[in-house]
Amino acid sequence: MKTPLQVLEQFWGHTRFRPFQEEIIESVLHGRDTMALLPTGGGKSICFQIPALLLEGTAVVISPLVALMNDQVAQLQDRQIKAMAITGSLKGEELHRQLDNILFGNYRFLYISPERLQQEAIQQVLKQISISLIAVDEAHCISQWGHDFRPAYRNISEVREIIPEVPVAAFTATATKMVVEDICEQLQLKKRAVFKKSFERSNLYYEVVKTEDK
């Protein structure tokens, strides 16, 4: 079995991880529910994509933004990794064809919106395939917006009744301590590991210049 670092080098061409990435990956690989706070640009997607490539089955990635899903799927496909996004634009025969592809196509990644996750047809497919992990991207939506704006985010935990043994990993770039606790509660993260990288950017600074003539 390859190591996470070998997978990183094979598919992404990097020879070392950014801070906390390796610890988060190891947590997911050991089957622990995981909550990770990394700043924008901190490499959150790597933290669930690498475990998904090391574990057997399909990783289900729940994301609120179609553009974000399509972008990550395109990047994975460019690396010859089988990935698919089930978006709201898929309907009728096209949707059923894609669901069949999930069942028999040996996909490593299935990107899906929280609303799609509530659909019975999707849940039936999830019951029939081997799932390696569930990754919840932009997890702050659960607490900050999900109670009203995207209520389906609060129902993500229902999928645990369908596939209870699968680890859940939640990722966000913005969350207070209270929001983190709310996310963990809403997702029913058990015996969770929480990772938080400092949001300090050493290359950024503020400067105040006082002058009489502006």
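**Exercise 1. Work out what share of the contacts in the protein chain with a separation of 6 or more comes from residues 24 or more positions apart.**

Solution. Start with the contacts in this predicted model that have a separation of 6 or more; residues 24 or more positions apart account for 76% of them. Next, look at the elements involved: the chain has 10 helices and 7 strands. Its radius of gyration is 18 Å, close to the 17 Å that the globule rule gives for 214 residues, so the chain is as compact as a globular protein of that length. Finally, check burial: 50% of the 214 residues are buried.

**Exercise 2. Describe how helix 1 and helix 3 are arranged, and find which residues make the contact.**

Solution. Two packed helices are described by the angle between their axes and the distance between the axes. Take the distance and angle together: the axes of helix 1 (residues 4-12) and helix 3 (residues 44-54) come within 10 Å and cross at roughly 105 degrees. Angles of 65 to 115 degrees count as roughly perpendicular, so helix 1 is roughly perpendicular to helix 3. Now for the residues: helix 1 brings Pro4, Val7, Leu8, Phe11 and Trp12, while helix 3 brings Ile46, Gln49, Ile50, Leu53 and Leu54. Sorted by class, that contact has 9 nonpolar residues, 1 polar and no charged ones.

**Exercise 3. Decide whether arginine 160 is buried or exposed, and list what it touches.**

Solution. Begin by locating arginine 160 in helix 9 (residues 159-162). Its relative accessibility is 9%, and buried means under 20%, so arginine 160 counts as buried. Leaving out residues up to four places away in sequence, arginine 160 touches Asp33, Val166, Val168, Leu187, Gln188, Leu189 and Lys190.

Methods:
Residues are numbered from 1 along each chain as its sequence is written. This is a predicted model: local features need pLDDT of at least 70, side-chain atom pairs count only at pLDDT 80 or more; totals for chains, interfaces and linings use all residues. Side-chain values use heavy atoms; hydrogens and water are left out. Axes are lines fitted to C-alpha atoms, for helices over the stretch in contact, and angles run from 0 to 180 degrees between N-to-C directions. Helices (H or I, at least four residues) and strands (E, at least two) are DSSP runs, numbered from the N terminus. Angles under 35 degrees count as roughly parallel, over 145 as roughly antiparallel, 65 to 115 as roughly perpendicular and the rest as oblique. Contact means heavy atoms within 4.5 Å. Ala, Val, Leu, Ile, Met, Phe, Trp, Tyr, Cys and Pro count as nonpolar, Asp, Glu, Lys and Arg as charged, and the others, Gly among them, as polar. Buried means under 20% relative accessible area, exposed over 50%, partly exposed in between (1.4 Å probe, protein chains only). The radius of gyration is taken over C-alpha atoms; the globule rule is 2.2 Å times the number of residues to the power 0.38.
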